[in-house]
Amino acid sequence: MKKSIHNDELRAVFGAYDANIKALEELCGVTVRTAADSVEIIGKNTETAELMLDKLIAAVRRGEHVTPDTVRRYFDILTDDPDGIENISAQPVCVNAHGQKIYAKTLRQKKFVDAVNSNLLTFAIGPAGTGKTYLAVAMAANAVKKGQADRIILTRPAIEAGEKLGFLPGDLQMKVDPYLKPLYDALGEMFGADYTKLIERGTVEIAPLAYMRGRTLSHAFIILDEAQNTTPEQMKMFLTRFGEGSRAIVTGDVTQIDLRGEPSGLVEAEQVLKDVDGIAFVRLSEDDVVRHGLVMKIVKAYNNYNRQTTQRRNHAGSGKTERQ
């Protein structure tokens with residue numbers, strides 16, 4: 001099966017050292033050969049390979065940077081939903097400071113974006129690397145750029161700082177800034193270096209969760225990040241800051257709770273608020289990890305290990321009960 005493709009697109013689709021096409025060949029069980037401005041696909045699963053190639057070409061034309069991880073994600077999406085790639089690429093989440101369009105990369109990420117657009121409060125719960133914070137900041141930036149929100153408020157609990165704050169130099173803001181760095185990084189990508197001016201003008205506010213107490217946050221796009229490290233009291237405090245014209249996203253990973261001896265406000269909130277209209281809960285999984293492919297393998301390995309450990313403990317516990 002031969003297919004014509006422009007040389008520039010060919011280079012972008014194949015990737016550095018043909019890494020993208022090697023991934024496609026492995027997934028589809030085919031061999032891809034190039035000749036001038038066309039490619040030839042040989043093997044048993046040529047229809048899937050050709051469809052994959054079409055989707056990758058379309059991604060390049062949209063301005064997306066295609067990597068082997070992109071190829072693997074597209075293959076997984078096509079396996080689950082033949083129209084899935086069209087669904088996630090129908091509308092960009094935001095345009096970053098470099099003019100690049102930001103899209104959801106998995107079906108559950110798209111579900112997260114749709115939930116935020118349809119609800120005033122959305123909880124995104126999932127492991128590291130699933131794009132929770134990145135997409136949340138992208139949607140907040142888009143809302144401000146379109147005039148749908150007057151300001152962005154980003155907050156995180158500084159629970160993991162604990163007793164160590166006193167050993168850090170500077171005033172309180174300087175002490176907590178390292179814990180807010182991921183939010184600064186995401187803002188920098190969406191707004192460029194000008195995001196510091198937005199902070200100076202008050203269009204963007206980044207602060208520890210404790211700073212939210214006693215405030216009413218109106219006409220704002222509010223993001224609570226690392227919410228697994230809030231106590232139930234802190235979570236309730238944050239959720240009751242909600243003001244007129246505001247929209248909020250709460251993100252967290254319940255497998256990385258740093259609280260000592262206290263329940264997680266995020267875990268409790270999912271139980272308390274699961275049936276409240278206007279609130280959505282979206283669960284992301286290890287399959288939604290969009291960092292380096294190795295991160296996905298690490299997350300899966302830990303999840304498998306934890307499941308096996310739990311099973312061994314349960315088995316050991318049941319054995320003791322039977323002997324008694």
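The model is predicted. Its chain has 324 residues, and 46% of them count as buried. The secondary structure comprises 13 helices and 11 strands. Among contacts with a separation of 6 or more, 69% join residues 24 or more positions apart. The accessible surface is about 17300 Å², with 50% belonging to carbon and sulfur atoms.

Let's turn to helix α6, which covers residues 107-118. Its 12 residues reach 16 Å from the first C-alpha to the last, close to the 16 Å expected at 1.5 Å a residue. On this helix, Gln109, Lys110, Phe112, Val113, Ala115 and Val116 are buried. An α-helix has 3.6 residues a turn, so residues three or four places apart point the same way. The partners of these buried residues include two helices, α5 (84-88) and α7 (132-145). The strands they pack against are β6 (121-125), β9 (220-224), β10 (247-252) and β11 (279-283).

Now for Thr106, found in the loop between β5 (101-102) and α6. Thr106 counts as buried because its relative accessibility is 5%, below the 20% cut-off.

| Side chain | Partner | Distance |
|---|---|---|
| Thr106 | Asp288, side chain | 2.6 Å |

Beyond its neighbours within four places in sequence, Thr106 is in contact with Arg73, Ile77, Ile88, Asp287, Asp288 and Val290.

Methods. Residues are numbered from 1 along each chain as its sequence is written. This is a predicted model: local features need pLDDT of at least 70, side-chain atom pairs count only at pLDDT 80 or more; totals for chains, interfaces and linings use all residues. Side-chain values use heavy atoms; hydrogens and water are left out. Helices (H or I, at least four residues) and strands (E, at least two) are DSSP runs, numbered from the N terminus. The expected span of a helix is 1.5 Å times one less than its number of residues. Buried means under 20% relative accessible area, exposed over 50%, partly exposed in between (1.4 Å probe, protein chains only). Contact means heavy atoms within 4.5 Å. Accessible areas come from the Shrake-Rupley method with a 1.4 Å probe; for residues, only the protein chains shown count as cover. A polar contact is a pair of N or O atoms within 3.5 Å; within protein, one must be able to donate a hydrogen and the other to accept it, and residues adjacent in sequence count only if both atoms are side-chain atoms.
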